[in-house]
Structures are given as structure tokens and as C-alpha cells.
Amino acid sequence: MNIELSTITRDGQLIRPDVIPYILKWYKDYQNLLFDDFYPTDPQEYAKAIIEDLFELEPFFWVVEIDGEPAGLVYLNEWYGDGKRRHGCQFHGILDKKFQKLGIGTAVGKLILSFVFEDLKLFRLEGRLDPNNKAMIHLGKNLGFKVEG
């Protein structure tokens, strides 16, 4: 199984329009986990708002692909630091139900941890989890996250 994190925007341009239908579906299916009540209810306005978000998150938004098939998304946001450099951020991700419980979340989590701590040299990575999602809490603990608050 080949797991890849694919960038879908570059320099303000959409380079992977083929994955937009997947992203819109995942945002709709998992909207209670991904954002607050700020998105429009009109389907066209909703899609436009999601796509605008992709560009705002550039270059820290990726589609998870398994053997070339879109399987989920991950992104980093809510950056913080002291003005001279970034110290940490939040990590968000979802996997389509078809790809859950196959070890993919662990593999993607390790890729993100390596990128955040080795490449970006951050000190802290946070993840907001649904307290009822036992599988995600277990995954987070296995990746070295600690429960706070």
C-alpha cells in the first residue's frame, strides 16, 4: 500500500481539480469535526468557501492518497509563535470510512509528525479530537500526543 500526501494548490493555483469533489464530500460528511458554524448553507456558496479555505491553508493542506486513490485530507493551521518564528500549530485530518482501521491514520500521523518536528522545527503540535471518538484518542496516544484540558 502506497500512502502519499498530495498538495492540491501551488502558488495560488489549483493544481489538482480532480480531488475537489472528494474534499467537498469529506467536508460535508465531517463538518462537525472540521469547523464551526461559519460556512454558508447554500451549496454553491458552501463549495466556494471550502475552496477559498484551501488557498488560505496553502502550502499546509494535503489530500491523503492510497495507491493513487483519494482517501482523506490533512492540514495544519492555528499557527503560533513569538513573532520571530513559529512554535506550534494544530493538526486536523480525516479519512474516508472506506480507509479507516487499516493503519493509514498511524502512517499519515507519522508523516505529519516528521514534517512538523524535523522539517519545520516546531516545538508543539496540537490536535483537537472529539472526546467520544475513542479510535482517534487511541491513535493520538500511540503517536505520542498527550490529553490536555
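Mentor: Five strands make an open sheet, ordered β1-β4-β5-β6-β7, with mixed pairing. Strands are DSSP runs of E, at least two residues long; helices are runs of H or I, at least four, and both are numbered from the N terminus. Two strands count as paired if DSSP finds at least two bridges between them. β1 and β7 stand at the edges with a single partner strand each, so one side of each has no neighbour in the sheet. From one strand to the next, the twist averages 30°.

A word on the source: this is a predicted model, where local features need pLDDT of at least 70, side-chain atom pairs count only at pLDDT 80 or more, and totals for chains, interfaces and linings use all residues. Residues are numbered from 1 along each chain as its sequence is written, and side-chain values use heavy atoms, leaving out hydrogens and water.

Now look inside the sheet. β5 and β6 run antiparallel, joined by 8 bridges. Gly72 stands opposite Leu95 in β6. His92 also lies in β6, which spans residues 86–95. His92 is buried, at 11% relative accessible area. Buried means under 20%, exposed over 50%, and partly exposed in between, with a 1.4 Å probe and protein chains only. The His92 side chain makes a polar contact of 2.9 Å with the side chain of Asn77. Such a contact is a pair of N or O atoms within 3.5 Å; within protein, one must be able to donate a hydrogen and the other to accept it, and residues adjacent in sequence count only if both atoms are side-chain atoms.

Next, the helices. Helix α1 (residues 20–29) lies across β4, β5 and β6, at about 65° to β5. α4 packs on the sheet too, touching β1, β4, β5, β6 and β7, and its direction makes about 55° with that of β1. Touching means heavy atoms within 4.5 Å. Angles run from 0 to 180 degrees between N-to-C directions, with axes fitted to C-alpha atoms, for helices over the stretch in contact.

Which residues of α4 are buried? They are Ile104, Val108, Gly109, Ile112, Leu113 and Val116. Down the axis of α4, its buried residues fall within an arc of 165°, so they line one face. That arc is taken from the directions from the helix axis to the C-beta atoms. The face turned away carries the exposed residues Lys110, Glu118 and Asp119. After α4 comes Lys121, with a positive phi near 60°.
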